[in-house]
Amino acid sequence: MRGVVRRDRAAFAALYDRTAPQLFGIALRILRQREEAEDVLQEAFVAVWDRAASFDPERGSVMTWLVTVLRHRAIDRRRRRAHLEDRLGSEEDLLALTAAASDESDRGAGLAALQKCLAELEERPRRAVLLAYAYGYTHEELAKRLSTPIGTVKSWVRRSLERLKRCLDG
Amino acid sequence: MNYRDPKLRDLLAGEYAMGLLPSRTRARFERLMADDAELARLVADWRERLAPIDDSAPPVTPPRRTWRAVEQGTLQRSFPATPPAGLLQSLAFWRGFAGAAAAVAAVLVLYIALGPGPARAPTVVAVLADSSGTPAFIATRGERAEEVAVAPVRPQSLEAQKSFELWAIAGGPPKPLGLVSATPGKPLLVPASAVAATGTVLAVSLEPEGGSPTGQPTGPVLFQGKVLAN
C-alpha cells in the first residue's frame with residue numbers, strides 16, 4: 001500500500017492481483033450482474049489510486065478500506081436501479097455463510113465468531129442484517145422482502161447491531 | 001438528529017458501516033466523521049466486526065479487461081481528454097501543406113510554441129504522419145512525466161473489423177504499445193519509458209480487429225514519426 005501512495009504502478013498492480021477476486025466476489029453478491037460489478041470494481045480501484053494517500057492504517061486493514069470503497073459504490077449502483085423488483089434476488093445462499101464459517105483459516109475463524117453471534121439473533125432480524133450487509137439491501141427493500149413494516153425492520157437492525165456488538169466484544 | 005448521544009452515535013456508525021444510511025444522511029455523516037476522530041473510530045470498529053461477512057463472498061477472478069480499464073482510468077488522470085484547441089488549430093493549419101517537410105515544420109513550430117509554456121501544457125513527443133506527410137496522430141506528454149498520450153489529430157478512416165496498432169521501433173523488432181483509437185478524445189496512454197529514446201520511431205499499422213495476432217505488425221504501416229529530442 002505504501003508503494004501505491006508513492007505512485008508505484010507495480011505495487012498497484014500487485015495490490016489489484018491480490019485483492020480483486022475477493023472484491024469482485026463482493027460486488028457480484030451485491031449487484032448480481034457481471035457488467036455492473038466490473039464497472040464498480042474498476043471505479044473502486046481508480047478511486048483507490050487517487051485517494052491512496054488518505055488510507056490510514058490506524059483505522060483498519062488495507063482490505064477493509066478497499067471493501068469500504070467498493071461497497072459504497074456497489075450499494076449506490078444498486079440503489080439507482082429503477083424497479084425495486086430488479087433489486088431483489090433470491091439470496092438462497094444466505095445459508096452458505098454457515099458453510100463458509102467452518103473453514104479453518106484465520107478468516108474462517110473471524111466468520112465463525114460472527115456466525116455464532118448471528119445465530120443468537122432471531123431468524124428474521126438475522127436475515128435482515130445479512131441481506132443488508134452482504135447483499136446491500138436498503139431498509140425499504142428489507143421491508144418488502146421480509147413483508148414487514150419498515151419501522152419494524154429498522155428496529156430489528158438496530159437491536160441486532162446492539163446484540164452483535166455485545167456478543168462480539170464481550 | 002442528536003449526534004452527541006453516545007448510543008445513537010454508535011448505532012449510526014453501525015448503520016453507516018452496514019451501508020444502510022440513505023445517501024443524504026450518509027453524506028452528512030461523512031462530513032461529521034471528517035472532523036470527529038471518535039466517530040471515525042466507532043465506524044472502523046464496526047467495519048472490523050462485520051468484515052468476516054465479506055470473506056464469505058466466494059472470490060471470482062475478474063476479466064482481464066477490468067484491469068486494463070483500471071490502468072487506463074488511472075493513467076487518464078494526468079491527461080486532458082483531447083489535445084488543447086491551440087494544438088488542433090495549429091495542426092489544422094499545417095495539414096494544408098503536403099510533404100514531410102510540412103510535418104516536420106509543424107512539429108518544430110508546436111514544439112517551440114509549447115516548450116517554455118505553462119507547466120500544464122502538454123509537450124509534443126512525436127507527430128505521426130501518413131505517406132504524404134500529413135500529420136495524423138500526435139504523441140504528447142502531460143503533466144506527469146511518466147506517461148505519453150497518443151491520439152489522432154482528427155478522425156481517421158478505419159475499415160470495419162480492423163484496428164490501428166501502435167508500435168515503437170528502436171533498433172530491434174517493433175514493440176507493441178497497444179491499440180489506438182481512430183477518433184480523437186480517447187488517447188492511448190503508454191509509459192514514457194517506451195518512447196524515451198530520441199530517434200525511436202512510432203508507427204501505426206493496420207491490423208485485424210483487436211490487434212496483431214502475432215505480436216509483430218502484420219498489416220501496412222500507415223503512419224509514422226520519430227520521437228523528438230527533448
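I looked up B:P208 first: at 34% relative accessibility it counts as partly exposed, a class lying between buried (under 20% relative accessible area) and exposed (over 50%), with a 1.4 Å probe and protein chains only. The model is predicted, so I noted that local features need pLDDT of at least 70 and side-chain atom pairs pLDDT 80 or more, while totals for chains, interfaces and linings use all residues. Residues are numbered from 1 along each chain as its sequence is written, chains are lettered from A and ligands numbered from 1 in the order written, and side-chain values use heavy atoms, without hydrogens or water.

I placed B:P208 in strand β7 (residues 201-208) of chain B; strands (E, at least two residues) and helices (H or I, at least four) are DSSP runs numbered from the N terminus. Leaving aside neighbours within four places in sequence, I found B:P208 in contact (heavy atoms within 4.5 Å) with B:Q161, B:K162, B:S163, B:P213 and B:T218. I also looked up B:F164, which is 44 residues from B:P208 in sequence, with the two C-alpha atoms 8.5 Å apart.

**Chain A**

I counted 10 helices and 0 strands in chain A. Of its 170 residues, 51% are buried. Among contacts in chain A with a separation of 6 or more, 64% join residues 24 or more positions apart.

I then checked pLDDT, the predictor's confidence in each residue from 0 to 100. Chain A averages 85, and 84% of the residues score at least 70. Within chain A, helix α10 (residues 150-169) is highest at 96, and helix α6 (residues 96-101) is lowest at a mean of 49. Where pLDDT is low, the predicted coordinates should not be read in detail.

**Interface of chains B and A**

I recorded 52 residues from chain B and 55 residues from chain A in the contact. The two chains bury about 4800 Å² between them, 59% of it on carbon and sulfur atoms; buried area is the accessible area (1.4 Å probe) that two parts lose on being put together, summed over both. On the chain B side, B:M18, B:L20 and B:I53 lose the most area to chain A, together 14% of what that side buries.

I found 7 salt bridges across the interface, each a side-chain nitrogen of Lys or Arg within 4 Å of a carboxyl oxygen of Asp or Glu. One of them pairs A:D169 with B:R49, the closest N and O atoms being 2.8 Å apart. Helix α3(B) supplies the largest share of the chain B side, 14 residues.
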